[in-house]
Amino acid sequence: MQHGKYRFIVGFLALPLAIYAVFVISPFVQAIYYSFTDWTGLSSDYSWVGLENYDRLLDDEIFWKALRNNLLLLLVLPLVTLGLGLFFAFMLNVGGKRRRGAVIAGVRGSGFYKVVYFFPQVLSIAIVAVLFRYAYEPTEGGALNGFLRAIGLDSVQPLWLGDPDLALWCVMAVMVWCNVGFYVVLFSAGMSSIPRDFYEAALLDGANRFTTFFRITLPLLWDTVQTGWIYMGIIALDSFAVVQIMTIGPGGPDYSTEVLSFYLYTKSFRDGQAGQATALGVALLIVTLIFAGIVMRLGRRERLEF
Amino acid sequence: MTDTQTGAVPEGEPVTTQLVPPELPGIDKRDAPSAPGKRQSGSEGRVLNVFSHAFLVVWGLLVTLPVLWAIMTSLKTDSEILKSPWALPDELKWNNWSRAWQDANMGDYFMNSVIVVGGSLVGTMLLGAMAAYVIARFEFPGNRFIYYLFISGMSFPIILALVPLFFVMDNMGLLNTYHGLILVYIGYSLPFTVFFLTSFFRTLPTSVAEAAILDGASHTRTFFQVMLPMAKPGLISVGIFNFLGQWNQYLLPTVLNTGEGKQVLPQGLVELAATQGYDGDWSGLFAGLVLATLPVLAVYIVFQRQVQAGLTAGALK
């Protein structure tokens with residue numbers, strides 16, 4: 001019996017572990033190792049250079065630009081996306097006209113809104129990026145400037161992705177566009193499991209609905225918000241597809257939309273500096289881990305059971 | 001994780017009950033005590049209702065208009081598109097679509113995606129469920145270590161592994177092959193699949209499996225004939241999650257699968273956008289874009305509740 005059990009365990013684990021080790025674990029470990037070498041990626045010889053790649057990063061202006069853009073994305077994207085998600089979810093669940101009996105009510109057609117809002121989430125980011133590249137197109141044919149002309153704003157014709165001051169915000173808008181629906185659905189599910197008595201009691205005590213949001217809804221949803229924050233942060237730290245497909249260059253005019261992931265990609269697959277690129281990747285990993293650590297620490301508070 | 005299931009799957013239910021209050025006789029009894037509060041904030045409720053509808057409609061338009069614009073553009077001629085991006089076409093140019101499907105190879109890219117995702121989805125579900133089952137249900141040395149090894153993969157940026165992975169694949173002769181891409185998709189889908197299914201298997205009762213073993217079934221047979229059917233709700237959630245993740249995958253094929261004619265759909269669309277964009281062939285480009293959108297749109301419309309539950313399942317605890 002025991003013998004059979006171990007044979008079964010090994011038999012079931014061998015293949016998944018092997019695939020995972022060869023294609024996921026080993027490349028990660030190798031990447032960290034290569035970050036201390038001068039490997040070009042083109043030939044198989046390389047030599048150990050210690051911290052030279054990291055040292056060179058510190059003097060690399062584009063690296064600092066990319067890092068700055070990533071940090072800005074990391075700050076703005078979760079804030080805006082989760083904020084809108086919470087707002088719309090609250091409107092859907094509590095913003096409705098009060099009907100006979102119920103103390104709080106969702107708006108009419110909330111299911112329909114959720115279906116529509118969630119839709120961008122199922123699209124490939126490649127589709128979204130191609131779509132918006134042409135929507136932002138400043139010349140004839142571009143949807144946004146075409147819309148501005150149609151409502152009589154002929155003089156307001158921004159270059160969008162071509163404007164170094166605007167390009168990164170255009171990237172952010174697209175990423176907010178595709179992710180808000182996910183959080184509306186996520187937070188709605190959380191809100192609908194909050195017992196209705198809580199709202200009843202608060203409203204009886206004279207609280208208005210905005211107070212109930214900050215005093216009841218948000219604290220009880222905190223765990224979900226925290227998880228969502230980490231999800232959105234990881235998306236912000238990646239941003240590869242949107243930058244590579246959508247922005248001019250790619251990387252934006254004057255590196256205005258350069259991000260670490262895309263810079264890593266150009267370094268390794270265009271410039272033949274694989275060692276340098278993996279050092280960039282390690283920097284990205286460190287930023288990711290610091291971010292996750294901060295969110296976990298900030299979010300630590302007494303868990304409310306209900 | 002039980003909450004994930006009970007909380008996420010019937011997620012629309014509370015809303016419907018709110019919409020139809022007479023179905024909730026219990027609440028009517030409480031109506032009297034809450035009446036004073038109701039009078040006070042009655043106008044507040046009405047204002048809020050108008051206000052919330054206004055915002056909700058605006059966001060709804062922001063989401064749908066770009067998509068409608070793409071569909072409309074895909075049915076216009078190039079000169080119509082350039083003249084006025086928001087004007088309706090004089091006649092619907094369906095041949096843009098057939099042009100994109102055949103001449104621009106969107107049909108081939110679609111088939112490539114079907115082959116790759118078909119293989120990787122089956123592989124991910126089977127291998128993920130096997131690993132998760134063993135981790136969840138059996139005590140053995142290294143159990144915790146293997147579990148954390150798997151879930152640590154969720155927090156690493158994939159792009160960091162990409163450079164060495166390219167050479168791993170190259171050395172094994174797996175670059176630009178379907179089976180190479182399938183293996184990589186499986187590898188990168190395992191962390192979440194194992195994480196999700198491990199906690200799901202833990203919530204299932206042990207008694208049924210024990211009974212099967214007592215009746216003489218082998219562990220393997222118990223797994224396939226008893227446990228997998230019991231785990232069906234969890235498998236569906238994570239299956240939808242993996243299907244969309246793999247079908248929409250762009251980064252991995254862009255680096256690992258660059259062979260002529262081997263491209264998967266998102267990758268093919270981006271290449272199409274590059275070539276058609278230079279030629280000024282917006283109609284062909286948008287037809288390709290709409291064709292790439294239609295399969296997921298169809299799946300989403302049919303299975304929207306399951307899709308919403310499946311994608312949010314991992315974040316709800």
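Reply: Helices are DSSP runs of H or I with at least four residues, strands are runs of E with at least two, and both are numbered from the N terminus. By that rule, A:Thr81 sits in helix 3 of chain A, which spans residues 61–94.

Some ground rules come next. The model is predicted, so local features need pLDDT of at least 70 and side-chain atom pairs pLDDT 80 or more, while totals for chains, interfaces and linings use all residues. Residues count from 1 along each chain as its sequence is written, chains are lettered from A and ligands numbered from 1 in the order written, and side-chain values use heavy atoms, leaving out hydrogens and water.

Back to A:Thr81. Buried means under 20% relative accessible area, exposed means over 50%, and partly exposed lies in between, with a 1.4 Å probe and protein chains only. A:Thr81 counts as buried because its relative accessible area is 0%.

What does A:Thr81 touch? Contact means heavy atoms within 4.5 Å. Leaving aside residues up to four places away in sequence, A:Thr81 touches A:Val176, A:Asn179, A:Val180, A:Tyr183 and A:Met232. A polar contact is a pair of N or O atoms within 3.5 Å; within protein, one must be able to donate a hydrogen and the other to accept it, and residues adjacent in sequence count only if both atoms are side-chain atoms. A polar atom of the A:Thr81 side chain lies 2.6 Å from the backbone oxygen of A:Leu77.

Now step back to chain A. Chain A has 13 helices and zero strands. It has 306 residues, and 57% of them count as buried. Of its contacts with a separation of 6 or more, 65% join residues 24 or more positions apart. A:Glu52 belongs to helix 2, residues 52–58. Its relative accessible area is 40%, so A:Glu52 is partly exposed.

UniProt positions follow the numbering used here, feature names are shortened, and annotations may be inferred rather than shown by experiment. An unreviewed UniProt entry places "transmembrane region" on chain A at several stretches, including residues 12–36 and 166–186. Residues 12–36 of chain A are 92% helix and 0% strand, with end C-alpha atoms 37 Å apart. Residues 166–186 of chain A are 95% helix and 0% strand, and their end C-alpha atoms are 31 Å apart.

Chain B comes next. Chain B has 18 helices and zero strands. Buried residues make up 53% of its 317 residues. Its "transmembrane region" stretches in UniProt, also from an unreviewed entry, include residues 109–133. That stretch of chain B is 100% helix and 0% strand, and its end C-alpha atoms are 35 Å apart.

Last, the surface. Accessible areas come from the Shrake-Rupley method with a 1.4 Å probe, and for residues only the protein chains shown count as cover. Chain A exposes about 13,000 Å², 64% of it from carbon and sulfur atoms. Chain B exposes about 13,900 Å², 65% of it from carbon and sulfur atoms.
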